[in-house]
Amino acid sequence: MSHAPERCRAAVLGSPIAHSLSPVLHRAAYAELGLGEWTYDRFEVDEAALPAFLDKLDETWAGLSLTMPLKRAVMPLLDEVSSTAASVEAVNTVVFTEDGRRLGDNTDIPGIAAALRERGVTEAASAAVLGAGATASSALAALAGICTGEVVVYVRSEARAAEMREWGERLGVAVRTEDWSRAAEALTAPLVVATTPAGATDALAEAVPDRPGALFDVLYEPWPTPLAAAWSARGGTVLGGLDLLVHQAVLQVEQMTGRPRAPLAAMRAAGEAALAARG
């Protein structure tokens, strides 16, 4: 009697993908869980190449991690999308079932919440978000369960401001938008989430208040950012991009392998070592 092939392959897809830490994190989890036969690779795939890539995967594949620019492009190619992923129109996790179905989920949102919870941040009277990209909408979705008051989003254009107000309505978050020129005001909020590209918040470092609250800066390279360093120096709670990466990867490993508790500490240590090796 022939057995079905083992489902033990996974990978991260995106473009560009060379700098992704996902292989380091997932392989560390497999090693810790004793899953010696599992493999996790990275593939450079853009929106145009995605349908053909998915179609050629066989039954040895357990799942995929998706980064930009594929989080939205994958949605029409799936059989089912979780309510979490649908809420922000972004899928970063695909799990393949034994009967060949493709299930999409978003682990960024619960990953943000879990990372904050780990540092003791379970509730905030208000919050500020710097930036308005894809990560900002995931941040709003996570804040829906944490923030009891309004979230002020600082953006560079009225088009982005309108977009973020719309996300707020969809996600049930009271969102107010302000122009980026007033971004220094954000730093007095009890919880600040910076979702901007490298360099964008550097000028704000000198405006960090004497007794800051919590800062979640989603960058991880280079780290710490000037803003995170200034925040830390003044005694505030600081979370970085690696915290988000590790917590969302923990949830991906659990979904793909079916194991209930992925090894957070081992995954974080592997990520820290990989970043240190990059210098």
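A salt bridge is a side-chain nitrogen of Lys or Arg within 4 Å of a carboxyl oxygen of Asp or Glu. The model is predicted: local features need pLDDT of at least 70, side-chain atom pairs count only at pLDDT 80 or more, and totals for chains, interfaces and linings use all residues. Residues are numbered from 1 along each chain as its sequence is written, and side-chain values use heavy atoms, with hydrogens and water left out.

**Exercise 1.** Find how far apart the closest N and O atoms of D41 and R27 are, and state which elements hold the two residues.

Solution. 
1. The closest N and O atoms of D41 and R27 are 3.8 Å apart, and the pair forms a salt bridge.
2. Helices (H or I, at least four residues) and strands (E, at least two) are DSSP runs, numbered from the N terminus.
3. D41 has a relative accessible area of 27% and is partly exposed. R27, at 44%, is also partly exposed. Buried means under 20% relative accessible area, exposed over 50%, and partly exposed in between (1.4 Å probe, protein chains only).

**Exercise 2.** Describe the salt bridge of E80 with R101.

Solution. 
1. The N to O distance between the side chains of E80 and R101 is 3.2 Å.
2. E80 lies in strand 4 (residues 80–81) and R101 in the loop between strand 5 (93–96) and strand 6 (102–105), so parts 21 residues apart in sequence are tied together.
3. E80 is partly exposed at 43%, and R101 is partly exposed at 32%.

**Exercise 3.** Classify E158 and R165 as buried, partly exposed or exposed.

Solution. 
1. E158 and R165 form a salt bridge, with the closest N and O atoms 2.7 Å apart.
2. E158 has a relative accessible area of 53% and is exposed.
3. R165 has 31% and is partly exposed.

**Exercise 4.** State how many salt bridges the model holds, and name the members of a network.

Solution. 
1. The count is 15 salt bridges.
2. A network of salt bridges links E150, R176, E178, R182 and E185.

**Exercise 5.** List the residues through which helix 1 and helix 9 meet.

Solution. 
1. Helix 1 contributes V24, L25, A28, A29 and E32, and helix 9 contributes A266, M267, A270, G271 and A274 (contact means heavy atoms within 4.5 Å).
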